[in-house]
Amino acid sequence: MPAQSMEELVALCKRRGFIFQASEIYGGLQGIYDYGPLGVELKNNLKNAWWRAMVYERDDVEGLDSAILTNQKVLLYSGHEATFSDPLVDCRDCKSRWRADHLESDQCPKCGSSNLTEPRPFNLMFKTAIGPVDDGSSFAYLRPETAQSIFTNFKNVLDSTSRKLPFGIAQIGKSFRNEITPRNFIFRVREFEQMELEFFVEPGEDEDWHDRWIQERMSWWSEQGVNENNIELLHVEGDELAHYSKATVDLMYRFPHGLEELEGIANRTDFDLGSHTKNQADLSISADVEENRDSNTRLAYHDQQANTWTVPYVIEPSAGVDRGVLAVLNEAYTIERLENGSERTVLKLKPHLAPIKVAVLPLKRNHDEIVETSRRIKQDLQRLGLGRILFENTGNIGKGYRRHDEIGTPLAVTVDFETLEDQTVTVRDRDTMAQERVHLEELSAFVTERVR
Ligand code: ATP
């Protein structure tokens, strides 16, 4: 049963150190967040799970980590300068600004006035000056999606890996959009991370691959603990379709504030490679692209045997890391009523996503031998490479269990007087609260099986 409200999640994130408002001590910065000690672990675990599924477990995808600052020409030819905008309206009375397509009526949500301007396009890209003199002549964009640099590196990757179609390039990284009204915690923010795959296929095979990727991505989210019943597929149509897309299916997740996009899976056709390539006239490009006078590279696939050039079609599953974190937190957040009438909050994260895998808790904080044994157990478990193992010397086991339930630690290992005699520890399971004694010789195998 997911969380009931966004407020509960926001409170948990702040209280336990998952997510903080950025620049908070100076009043914050709207639509910008920082990830705290537990948030960074959760976020990294989600990204690692994506990378594993996309790159390591497949043999047809390569990775990339490209720069955030992007040459203006890239975003000119990609169509972002002309079209990457949202409709902006101003309230003439209270001077607030709104995204026209998010207004529920023709009145200002802040002051109720109907004195609103006509919508006008507002470009969402952030610009920044390059070099020591900011005279406006030399600027770059902060990329609004990671995808474009995958396209501009298409030939570099192809030449250095000798890939054949179909193959993909995967990238995880920051993107920036000057959203008119950032809101709903980390759902709509101005600085966020994306996990994007551009999968290049033969024209004609695109629709089949598009369907396959929708299925793949649904089952991946389910492996992260996102219940498939909380996801709906939305076939994007008409004006809503991005300028590069032939077809887009959005995975819409039931967030605490409503059903909204978690990931978009688009058929970008040959639009992007076609737009960025030189000598377009010599290639058969189906998308309606601007003439390119600036690119010095042909972004096409050369079949050496047939001596033909193809501009591949692209299927793009594009997921937001921050929206993913929000979805898995929402799914995991559980309030349980216990037999004694009390309640416990437990974050039932999948073990591979949990920020801390095992908490090692000495029963007595001042007992040298117990503390020393606990430290040794922590070091031994840490070497297994499962993620963060925490030695926590507070001496208050009950409080430790409650805290680790709330932050989603799957296992707690308690070291007590018995341990010193018979080399066994108590291992407590987060979800069932069941406790069992495990011999130290078997602890590594036990933990590995439960946490991996
Ligand atoms: P929306 O319609 O919600 O603004 P979008 O259709 O513009 O999203 P895409 O351009 O398809 O989003 O970007 C791919 C993914 O990047 C989205 O599915 C989402 O998870 C993430 N994303 C996009 N914009 C934001 C944002 N402002 N804050 C957080 N994540 C975002």
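In which sense do strand S20 (residues 356–362) and S21 pair, and over how many bridges? They pair in the parallel sense, over four bridges. This is a predicted model, where local features need pLDDT of at least 70, side-chain atom pairs count only at pLDDT 80 or more, and totals for chains, interfaces and linings use all residues. Residues are numbered from 1 along each chain as its sequence is written, and side-chain values use heavy atoms, without hydrogens or water.

**View 1. An open sheet has five strands.**
Their order is S21-S20-S22-S23-S24, with mixed pairing. Strands are DSSP runs of E, at least two residues; helices are runs of H or I, at least four; both are numbered from the N terminus. Two strands pair if DSSP finds at least two bridges between them. The edge strands, S21 (388–391) and S24 (435–439), each pair on one side only.

**View 2. Valine 358 meets its bridge partner in S21.**
That partner is isoleucine 389.

Contact means heavy atoms within 4.5 Å. Axes are lines fitted to C-alpha atoms, for helices over the stretch in contact; angles run from 0 to 180 degrees between N-to-C directions.

**View 3. Helix H13 (residues 440–451) lies across S20, S22, S23 and S24.**
H13 runs at about 130° to S24.
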